[in-house]
Amino acid sequence: MSAPETALRAAIIARLKADTDVRATALGNSPRIANRAPPERAKPYVIVTCEARPYETQGEGAPPDDCTITVMIYVEGDFEGDEEGEAIFSAFRKSLRAWIAAGSVSLSGHRLVNLTCTLSGISSGEAGKSYAGRQDWRAVTEQES
């Protein structure tokens, strides 16, 4: 993974961990959000991954990168339906949309051009005692001039 994608994933993780609306969800004041599952796998936790590919352009200069960021949540406990998972994903959307709207996000000599949520879904586990969710984001980064 190249530096812009690594920096983007790290920046997203830092943003979500620091957001007060995210911390007000079932994730709590010290949300476990990382690029891999915690060794003890105590729930709730969130995994953020990033897959990058060159963005196809016909123009001159360095082409931007097109990235898919996948955010997976895993929660266990007594819950009524999937409402808490939806609340977590809603907080993620609000936080990341405000982040991109606030201006230029610099990522190791690159900048974040666009960040769009393309998929969000929650599914219940055994007897409604757990749930897992997936949220996909499409990001476009380009070299800073």
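What share of the 145 residues in the protein is buried? Buried residues, meaning those under 20% relative accessible area with a 1.4 Å probe and protein chains only, make up 39% of them.

This is a predicted model, in which local features need pLDDT of at least 70 and side-chain atom pairs count only at pLDDT 80 or more, while totals for chains, interfaces and linings use all residues. Residues are numbered from 1 along each chain as its sequence is written, and side-chain values use heavy atoms, with hydrogens and water left out.

**View 1. The overall fold follows the pattern α-α-β-β-β-α-β-β-β along the sequence.** The protein contains 3 helices and 6 strands, which are DSSP runs numbered from the N terminus (helices H or I, at least four residues; strands E, at least two).

**View 2. The largest nonpolar core has 32 residues.** Such a core is a set of buried Ala, Val, Leu, Ile, Met, Phe, Trp, Tyr and Cys residues joined through side-chain atoms within 4.5 Å. Leu 8, Ile 69, Phe 92 and Leu 112 have the most contacts inside this core. Among the elements that give two or more residues to it are α1 (3-18), α3 (83-101) and β5 (110-124), and α3 gives the most, with 7 residues.

**View 3. Leu 112 touches residues that include Leu 8, Trp 99 and Val 140, not counting those up to four places away in sequence.** Contact here means heavy atoms within 4.5 Å.

**View 4. Ser 30 lies in the loop between α2 (20-23) and β1 (33-34).** Ser 30 counts as exposed because its relative accessibility is 63%, and exposed means over 50%. Its C-alpha atom is separated by 9.0 Å from that of Ala 18, 12 residues apart along the chain.
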